[in-house]
Amino acid sequence: ILSDAKNTSPNNLTACVLERPRHDQIVDALNSMGVKINFITDGDVSGVISVADPNMENDIYLGIGGGPEGVLAAAALKCMGCQMQTRLLFYDKDEENRAKKLGLKNLNKKYNIQDMVKGDVIFCATGVTDGDIVKGIKDLGNNFETETFVLHKNSNTNKKIKNIIKK
């Protein structure tokens, strides 16, 4: 579907995938279509954000991850004017029953970004270790230097902020 939307063939697409055994079926499907795969070893939220970065070559992020990470990724993507689709995955009946007790009626619903993030949103991520989006904490002797990626939907803010903190 993405290759049709981009008017190209699947072998011209790159998918970002977190390298985990739970993604083996996704990887097999991508390989069968000839899609290039950019494996990452950690940082699934930054992997999702990389799809919106014109300096990265990822066309799509695919994977199975946690709910909190999905909402964080959705918040960032909404600030950047992007789209996201997801479903909840339940490993057993206890998880399904817990979701029902929380008020979910349709356990197979496909959620889009408007379902996951309502109204205005701010996303901030400060690096602890170096990553693709921000640098990690630097020890400057008497101070620490941090870098934070800041997004705000309504003000169209998209910037990195460096901060110096005294020890």
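Here are a few friendly notes on the predicted model shown above.

1. Start with the whole protein. You can count 6 helices and 9 strands in it. Along the principal axes, its C-alpha atoms fill a box of roughly 50 × 45 × 35 Å. The protein has 167 residues, and 30% of them are buried.

2. Next, look inside. The largest nonpolar core holds 24 residues, and Ile49, Met84, Phe123 and Phe149 touch the most other members. At least two core residues come from each of β1 (14-18), α3 (44-50), α4 (67-79), α6 (113-116) and β8 (143-152). Helix α4 gives the largest share, with 6 residues. Apart from this core lies another one of 6 residues, including Leu13, Ala15, Val17 and Val27.

3. Now zoom in on Phe149. Which residues does it contact, once neighbours within four places in sequence are left aside? Among them are Ile49 and Phe123, along with Cys124, Ala125, Ile133 and Val134. Asn158, Lys159 and Lys160 are also in contact with Phe149.

4. Is Glu145 buried or exposed? It counts as buried because its relative accessibility is 16%, and the cut-off for buried is under 20%. Leaving aside neighbours within four places in sequence, Glu145 is in contact with Gly136, Ile137, Lys138, Leu140, Lys162, Asn163 and Ile164.

5. The accessible surface of the protein is about 11,000 Å², and carbon and sulfur atoms account for 50% of it. The protein carries 22 positive and 21 negative charges, whose mean positions are 7 Å apart.

Technical notes. Residues numbered from 1 in each chain as written. Predicted model: local features only at pLDDT ≥ 70, side-chain atom pairs only at ≥ 80, totals over all residues. Heavy atoms only, no water. Core = buried A, V, L, I, M, F, W, Y, C linked by side-chain atoms within 4.5 Å. Buried < 20%, exposed > 50% of the residue type's maximum accessible area, 1.4 Å probe, protein only. Helix = DSSP H or I, 4+ residues; strand = E, 2+ residues; numbered from the N terminus. Contact = heavy atoms within 4.5 Å. Areas by Shrake-Rupley, 256 points an atom, 1.4 Å probe, with all protein chains shown as cover. Lys, Arg positive; Asp, Glu negative; His and termini not counted. Charge placed at Lys NZ, Arg CZ, Asp CG, Glu CD.
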